[in-house]
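User: Got a model I'd like to go through with you. Can we start with the packing and then look at a few polar spots?
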Amino acid sequence: PSMAGSWLIDYDNGFQLTVEVSMFGEVTDVAAGGRTTQMLPWGANSYKGKDSNYEDWYYIPELHQPPESFKWDYWQFDSGVLRVRHFLLNDFGRSPEGSPEFVTGGIGYRNTYDPLIGEWD
């Protein structure tokens, strides 16, 4: 799918994350020792995966370390840009879409490498 590949995410709180998305929807956090989770369509068999504010988004469970941290993301791919909403159980923030337990948002861009000049775009 068009979402497969390497993505660099810049979170609004200054954190950066590089992830690899497989053609099967597996998401790997490159910096976390290769921790992998499955990108799920909205409404997947999970309480957090059914937030009605994110019906057109993907649910990303437990990508961040440690896995018992009760963190999750919603991602939306749109015209080569990845929109991210990051959540933490019992956090007090509210997302731009109105959902509770919001921590921060972010924007991701596809990592591309130009072998002719040996640089990343």
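**Cores and polar contacts**

Analyst: This is a predicted model. Its largest nonpolar core has 14 residues. Those with the most contacts inside it are Ile-9, Val-19, Val-21, Val-27, Met-39, Leu-63 and Trp-75.

User: Which elements give two or more residues to this core?

Analyst: Strand E1 (5-11), strand E2 (16-21) and strand E8 (81-88) do.

User: What does Trp-75 touch, not counting residues up to four places away in sequence?

Analyst: Its partners include Ile-9, Val-19, Val-21, Val-27, Met-39 and Leu-63. Trp-57, Tyr-58 and Ile-60 are also among them, as are Leu-82, Arg-83 and Val-84.

User: And the second core, how many residues?

Analyst: Seven, in a separate core. Tyr-54, Trp-57, Trp-72 and Phe-87 are among them.

User: Switching to Ser-99. Where does it lie?

Analyst: In the loop between strand E9 (93-94) and strand E10 (100-110).

User: Buried or exposed?

Analyst: Ser-99 is buried, because its relative accessible area is 0%, and the cut-off for buried is under 20%.

User: Which residues is Ser-99 in contact with, leaving aside neighbours within four places in sequence?

Analyst: Asp-51, Asn-53, Tyr-54, Phe-87, Gly-93 and Arg-94. With Asp-51, the side chains are joined by a polar contact of 2.6 Å. Asn-53 is 46 residues away in sequence, yet the C-alpha to C-alpha separation from Ser-99 is 6.9 Å.

User: What about Glu-101, buried or exposed?

Analyst: Glu-101 is found in strand E10. It counts as buried, at 13% relative accessibility.

User: What lies 2.9 Å from a polar atom of its side chain?

Analyst: The backbone nitrogen of Asn-90 is 2.9 Å from a polar side-chain atom of Glu-101.

How values were computed
Residues numbered from 1 in each chain as written. Predicted model: local features only at pLDDT ≥ 70, side-chain atom pairs only at ≥ 80, totals over all residues. Heavy atoms only, no water. Helix = DSSP H or I, 4+ residues; strand = E, 2+ residues; numbered from the N terminus. Buried < 20%, exposed > 50% of the residue type's maximum accessible area, 1.4 Å probe, protein only. Contact = heavy atoms within 4.5 Å. Polar contact = N/O pair within 3.5 Å; in protein donor to acceptor, adjacent residues only side chain to side chain. Core = buried A, V, L, I, M, F, W, Y, C linked by side-chain atoms within 4.5 Å.
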